[in-house]
Amino acid sequence: MDTYLLKLNSASLAERAPIIQMALGDEGIFHYGRLLISPKLEELAQTEQHASIQRQVEVFCYGTYNEYNADNTLPQLTQPQLEKLKHLTVVSLASESKLLAYDDIKKELGLSEDQQVEDLVIACIYKNLIAAKLDQKRRVVEIDHVIGRDVRREDLEDIYTKLEKWAEACDEVLGEISTEIDTATKNASAKKTLDFEFTKAQQALRTEHATEGVAASNSLTRNDSQFASEEYKLEEQRTGDA
């Protein structure tokens, strides 16, 4: 666009219209906001011969193929300009919905065959205007990503409102995540405490069992010694009596 704006700024009034028409047909340009606000375009639009040229640029900024067809005051488009406007119309549709039915695209672009829809969508994908998948069975286009178009001043407030709502939704999600993190941290701490208490209880139980085992062993040893002494005494007595 910079090249066309430089040419426009140095061009005479009679030379401006062809420059603008070339810019509208350039296959590498899809945003015309800077052209629309150019004083050179405004001057040209004040002439009787090119009174509708500013409206033509507006259609390429914000409008659609149907809007162009509905306005009889607009000049006839060249084939590259017509294809460009169709691509921009697909961009507008994709911005409004992530799932586009073939029939809706046909209606907006005056198409009659599914193959025409698919060819148009594929062209938009190759130009990096959209990232999408064709579902031929369901006859829909699944939109993953779409570029933005130029924005009208009167639409800025609506965009700002949507951004505010989006920011509020993000804050809510972050709050929920923070709550989940706090809960997980508390649960981890409680589990750590329970594990420590369980280990401590196990150690105490082992110590208690070990103590009881030693006591039982000592008791058996004493009983065995006492039994052995009694047997010795009885043996001595039998020996003496003999």
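**Starting from Arg55**

Arg55 is partly exposed, with 28% relative accessible area. Keep in mind as you look around that this is a predicted model. Side chains of opposite charge can pair when their charged atoms come close. Arg55 forms a salt bridge with Glu58, with 3.5 Å between the closest N and O atoms. Both residues sit in helix H5 (residues 53-62), three residues apart, or about one turn of the helix. Glu58 is also partly exposed, at 28% relative accessibility.

Arg55 has a salt bridge to Asp71 as well, at 3.5 Å from N to O. Asp71 lies in the loop between helix H6 (65-70) and helix H7 (79-96) while Arg55 is in helix H5, so this pair ties together parts that are 16 residues apart in sequence.

Now let's move on to the strands. Strand S2 (residues 130-135) is joined to S3 by six bridges, and the two run antiparallel. Strand S3 (residues 140-146) also pairs with strand S1 (residues 99-101), again in the antiparallel sense, over three bridges. Val140 in S3 stands opposite Ala101 and also opposite Asp135.

The hairpin of S2 and S3 has four residues between the strands, and Arg139 there takes a positive phi near 60 degrees. Arg139 forms a salt bridge with Asp114, the closest N and O atoms being 2.9 Å apart. Because Arg139 lies in the loop between S2 and S3 and Asp114 in helix H9 (residues 114-126), the pair ties together parts 25 residues apart in sequence. Arg139 and Asp114 belong to a network of salt bridges that also links Asp103 and Lys106.

Technical notes:
Residues numbered from 1 in each chain as written. Predicted model: local features only at pLDDT ≥ 70, side-chain atom pairs only at ≥ 80, totals over all residues. Heavy atoms only, no water. Pairing = 2+ DSSP bridges. Salt bridge = Lys/Arg side-chain N within 4 Å of Asp/Glu carboxyl O. Buried < 20%, exposed > 50% of the residue type's maximum accessible area, 1.4 Å probe, protein only.
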